Amino acid sequence: MPIYAPTLPPRPERGLGDPPALVLARFDVRRVLRQRIGMFFLFTLGVWLLIKLVMLYVNHLLGTKTQLAGVKDLATALLPQGAAFQADFLSGPMLFVIWLLAAFVGGGLVARDTLHRIRPLMYAHPVRPADYWMGKALTAVGLPLAVMLPFILLPWVLSLLIAGGAGPVWPTLPLRMIPAALAIALLMGAVTLGASALAATPRAGVGWSLGILFGLNAPATVLAKVLDQPAWQALSPTDLAAAWPQLLCGVTPPALGWLPTALGTAAHLAVWAWILRMRTRPSEAVL
Amino acid sequence: MIAFEHLEVRYGPVVALRDLTLALEDGVIGLLGPNGSGKSTLLKTLLGLLSPAQGGGTVLGVPLGSPRAAELRARIGYMPEYDALIEDASAFEQVAFWGELSGLPAEQSRDRAHEVLHFVGLDESRYRKASGYSTGMRQRVKLAQALVHSPELVFLDEPTNGLDPDGRRRMLDLVLKVRAELGTGVILASHLLEDVERCADQLVILDQGQVKAAGSMEGLRRMLARRFELRFLDPLAAEQEAALAELGTVLEGRNGLYDLEFAAAEPAAAFRWAQAHGTVLVQLTPRHDRLDEVLIRALHGTPDDLRGTGLRPTPPDPRAVGGTASSGFPAPGGN
């Protein structure tokens, strides 16, 4: 007799498990980590993190080694300095790669359930729509946030180790950059989940996500240039994401001001959350 | 187990279920009806996904449309008609996942997934990805996910869909096993009459959002077994026709041929009756009415056409029924 021979009944005690949102997020994260594309992102981001740490060390050497005075001007011209150096830990190509990662992860989260008709079955369980949205958001927001945190915390720890409070990284950097990373992750999660809710297949979800990112970036740039109003850049989620580290680190002048950044972020969160809500209602569940 | 009173469910202006009054006892309930008859809407309403526009009812003691719907769904299992499998996950992973979503702790859910996959006969292939499963295996995974949390009631929507005869037989065996070994109430929605005939002990026929007939399968079977066709040598006189009521209920009669439902289970009494009334009975043939004939009469005939089937065209108000107050059905073996 196998060790798992049926012992049904007695009935197990229900209601003692984890909240449905957590169960959903755990299952989705495991699925994401199994995908091969995850390794690609892990490798790319790992290399970029290494480059950042080298830049940090070079910056430290330039400030402390008098022998390097000859190359200091050149290095200063190439490397961002001051507040821009701090904000640079969440910007540029690294942020672009994380956007791609978010699109690949978030773009499939809801669409995969739509394709395989998992959602109606989910709502036939003790799962409320709010649990579903929360579970998906935990994955779509949590994964990019988890990827961004080492880009803030490792340079900060390294700087403290090599130079204490006088290092190239501000000792207060996490207090500024973790909220920025959270705002960026929320934007990434909202846009990609909304895009995924619009799609019928995971591939289409990724396509929608990338289309929205690039599709909004172009008109935002054109409008900002033509009307000479930089605030129009707030239409673009990628520009909003780039603005948060600059604002929180005090880069002057920032690409976008506080008001357009805050309003643009809030508007994106509201619109994409609304789309997600409308496309995943239980009444959409056809049994 | 389930009771409705004047239940009406709407999709906007469209009435999907109309004035449903019904009470169902614990057991295997066959829900029959053509596509669009309201079976899925009824299941959605039972799961608490749709709220009644009028009327109401209870499922496992929980009122329909109550805020406790999520709690109720933890006590119900649902096997959908469609292919709702997570293709890149193994049977074990997904059954454990559904168990956790039904409120089981992770470890207990994994234990239960092993047990229930063994129960449905998938223990050897439970670690393979669902994308490689045959139709029969996929149906069994769906059944396993519906049972993993040991529900008190399980809804099976077309469980034999797409199965070959052998797979179908095995699935129906499993349905009977669910009832017999786990004691779980079963609602079996199907358009395959043979499936319902084999498994159900209560029957509900739905069409256009209304209950066309409902009753106990055993009562129906016994009733069908008492139906005979009688042929007399000569057409009966009016007083002889009237006297036929001594034998039972005359359902149809013309030109010396009578369709009769015997009151007692002793059809041979017809010969004694013929001798006593001065006529000659030349033929006594059992009417082997099949369930599909009953269904067709329920769907397309008048309430009178259901006479002799043991089914009630309009189920009575549950409150008005005496001994089977929660039933509304003729008791098994009765009627």
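In this predicted model, helix α5 (residues 92-115) of chain A and helix α8 (residues 173-198) of chain A have axes that come within 7 Å and cross at roughly 40 degrees. The axes here are lines fitted to C-alpha atoms, for helices over the stretch in contact, with angles running from 0 to 180 degrees between N-to-C directions. That angle makes α5(A) oblique to α8(A); under 35 degrees would count as roughly parallel, over 145 as roughly antiparallel, 65 to 115 as roughly perpendicular, and the rest is oblique.

On the α5(A) side, the residues making the contact include A:L95, A:I98, A:W99 and A:G106, and on the α8(A) side they include A:I184, A:L187, A:M188 and A:T192. Contact means heavy atoms within 4.5 Å. Sorted by type, the residues of this contact come out as 13 nonpolar, five polar and no charged. For this sorting, Ala, Val, Leu, Ile, Met, Phe, Trp, Tyr, Cys and Pro count as nonpolar, Asp, Glu, Lys and Arg as charged, and the others, Gly among them, as polar.

Zooming out, chain A has eleven helices and zero strands. Helices (H or I, at least four residues) and strands (E, at least two) are DSSP runs, numbered from the N terminus. Chain B, on the other hand, has eleven helices and 14 strands. In chain A, 46% of the 287 residues count as buried, and in chain B buried residues make up 56% of 335. Buried means under 20% relative accessible area, exposed over 50%, and partly exposed in between (1.4 Å probe, protein chains only).

Then there is the surface. Chain A has an accessible surface of about 13,600 Å², with 72% belonging to carbon and sulfur atoms. Chain B exposes about 13,400 Å², and carbon and sulfur atoms supply 50% of that. Both areas come from the Shrake-Rupley method with a 1.4 Å probe; for residues, only the protein chains shown count as cover.

The two chains also meet through helices. Helix α1 (residues 20-34) of chain A and α3(B) have axes that come within 9 Å and cross at roughly 160 degrees, so these helices are roughly antiparallel to each other. The crossing is left-handed. Among the residues making the contact are A:P20, A:F27 and A:R34 of α1(A), together with B:E93 and B:F97 of α3(B). By type, the residues of this contact are six nonpolar, no polar and four charged.

B:E87 counts as buried because its relative accessibility is 18%. Leaving out residues up to four places away in sequence, B:E87 touches A:H116 as well as B:K129, B:A130, B:S131 and B:R138.

Elsewhere in chain B, B:L7 sits in strand β1 (residues 2-11). With 0% relative accessibility, B:L7 counts as buried too. Beyond its neighbours within four places in sequence, its contacts include B:L17, B:L20, B:P52 and B:L64.

A few ground rules: residues are numbered from 1 along each chain as its sequence is written, chains are lettered from A and ligands numbered from 1 in the order in which they are written, and side-chain values use heavy atoms, leaving out hydrogens and water. Local features need pLDDT of at least 70 and side-chain atom pairs count only at pLDDT 80 or more, whereas totals for chains, interfaces and linings use all residues.

Terms used
Left-handed = near helix turned anticlockwise from the far one by under 90°.
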